[in-house]
Amino acid sequence: MAKKLYIVSSGAGGTSYITPEARNALEECEVVVSYSKYARELKELIEGKEIFTSGMTHEIERCNQAIEYAKSGKTTCIVSNGDANVYGMATLIVEIMDEKDLWEEVELISLPGVTSFLAAASKVGAPVSQDFSIISLSDRLTDINLIDKRVKAALDCDFVLGIYNPKSKKRILPYQNFLRALEDGYQDRIAIIASHVGRDEKEKITVTTAQDLIDQDIEHPAVSMSTLIIICNSNSKLTKNGKVLTPRGYLNKYELDGELKNK
């Protein structure tokens with residue numbers, strides 16, 4: 001029988017956004033490998049399984065352990081919050097599999113998930129209906145100068161900009177640089193601050209402006225490693241009931257009845 005290793009994207013926090021195929025993989029597997037926090041959130045879905053967990057910064061250990069379980073013949077799932085390809089476990093699993101040339105030995109199945117970027121957007125209206133960019137401000141694995149360059153380019157190109165991992169207690173310089181970039185003509189942009197998305201008791205989503213972020217600098221109480229920030233583009237606006245709208249451009253071209261304008 002094929003030795004299966006699933007990369008299971010569990011969606012934004014909690015279990016609200018986990019897909020049916022991800023649930024099926026968790027049900028099928030014999031072993032679950034996960035960051036400790038995510039395993040606790042999935043407790044009801046993984047009861048009775050063999051479980052291996054570890055803390056932050058132990059990603060390589062978890063990936064190697066998941067691969068070893070799969071090689072031993074146990075159908076294994078390694079859990080990645082959000083989507084495994086968005087700052088998740090997919091890249092590391094694939095890299096290790098390739099380095100060890102295990103493609104003939106283990107069948108790797110990666111399952112997509114709903115990111116906090118998309119989950120938060122759905123709750124405030126339609127803020128990302130135009131081209132967008134997603135950037136992590138964590139410089140643990142990416143050079144800070146490259147992060148700064150990407151942030152500036154995204155703002156200059158008028159992308160809707162999603163910011164992951166804005167700051168931690170010790171890592172604040174990339175966030176400070178991000179705020180300085182917002183000061184360069186982007187202060188009036190609509191900003192969405194979404195914390196603990198999907199974790200019902202903790203979830204908080206606020207619609208404000210980039211100026212609010214700038215004014216509170218690194219002391220903003222809603223900004224942490226559990227926060228996603230969305231900076232809207234120059235065409236974004238608030239609807240009559242306070243939802244966020246980034247028009248795609250339909251009503252520039254069509255009448256409300258669907259007829260082309262200026263025929």
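Biologist: Which residue in β13 is the bridge partner of Ala-126?
Modeller: In this predicted model, Ala-126 has Leu-245 of β13 as its bridge partner.

Biologist: In what sense do β6 and β13 pair, parallel or antiparallel?
Modeller: The pairing of β6 with strand β13 (residues 244-245) is parallel, over two bridges.

Biologist: What sheet do they belong to, and in which order do its strands run?
Modeller: They belong to an open sheet of three strands, ordered β6-β13-β12, with mixed pairing. Its edge strands are β6 (125-126) and β12 (237-238), each of which pairs on one side only.

Biologist: Where is Lys-243 placed?
Modeller: Lys-243 is in the loop between β12 and β13.

Biologist: Which residues does Lys-243 touch, leaving aside those up to four places away in sequence?
Modeller: Lys-243 touches Lys-123, Val-124, Gly-125, Lys-237 and Leu-238.

Biologist: Why does Lys-243 count as partly exposed?
Modeller: Its relative accessibility is 37%, and the partly exposed class lies between under 20% for buried and over 50% for exposed.

Biologist: Turning to β9, how many of its residues are buried?
Modeller: Six of the six residues of strand β9 (residues 190-195) are buried, so the strand is largely enclosed by the rest of the structure. Ile-190, Ile-192 and Ala-194 are buried on one side, and Ala-191, Ile-193 and Ser-195 are buried on the other, so that both faces are covered.

Biologist: Which strand does β9 join through six bridges?
Modeller: That is strand β10 (residues 204-209), which runs antiparallel to β9. Within β10, Ile-205 stands opposite Ala-194.

Biologist: And how many bridges join β9 to β11?
Modeller: Five bridges join β9 to β11, again in the antiparallel sense. Here Ala-191 has Ile-231 of β11 as its bridge partner.

Biologist: Now the helices. Which residues of α8 are buried?
Modeller: In helix α8 (residues 173-182), the buried residues are Pro-174, Tyr-175, Phe-178, Leu-179, Ala-181 and Leu-182. These cover an arc of only 155 degrees around the axis, which puts them on the same side of α8.

Biologist: What do the buried residues of α8 pack against?
Modeller: They pack against α7, β8 (160-164), α9 (210-216) and β11.

Biologist: What about α1: which of its residues are buried?
Modeller: Ala-22, Ala-25 and Leu-26 are the buried residues of helix α1 (residues 20-28). Viewed down the axis of α1, they fall within an arc of 100 degrees, so they line one face of the helix. On the other side of α1, Pro-20 and Glu-27 are exposed.

Biologist: What covers the buried residues of α1?
Modeller: The cover includes β1 (4-9), β2 (31-35), α3 (43-46), β4 and β5 (107-111).

Biologist: How much space is in the second largest pocket, and which residues line it?
Modeller: About 190 Å³ lies in the second largest pocket. Its lining residues include Gln-130, Asn-235, Lys-237, Leu-245 and Tyr-250. Helix α10 (residues 250-253) gives the most to this lining, with three residues. Four nonpolar, four polar and two charged residues make up the lining of the second largest pocket.

Biologist: Finally, the protein overall: how many helices and strands are there?
Modeller: The protein has 10 helices and 13 strands. Of its 263 residues, 45% count as buried. Its C-alpha trace spans about 65 × 50 × 35 Å along the principal axes. Among contacts between residues at least 6 apart in sequence, 69% join residues at least 24 apart.

How values were computed: Residues numbered from 1 in each chain as written. Predicted model: local features only at pLDDT ≥ 70, side-chain atom pairs only at ≥ 80, totals over all residues. Heavy atoms only, no water. 1 Å grid on protein atoms, 1.4 Å probe; cavity = no way out; pocket = protein on both sides within 12 Å on 5 of 7 lines; lining within 4 Å. Points joined across faces, edges and corners; volume = space filled by probe spheres on them. Helix = DSSP H or I, 4+ residues; strand = E, 2+ residues; numbered from the N terminus. Nonpolar A, V, L, I, M, F, W, Y, C, P; charged D, E, K, R; others polar. Pairing = 2+ DSSP bridges. Buried < 20%, exposed > 50% of the residue type's maximum accessible area, 1.4 Å probe, protein only. Arc of directions from axis to C-beta. Contact = heavy atoms within 4.5 Å.
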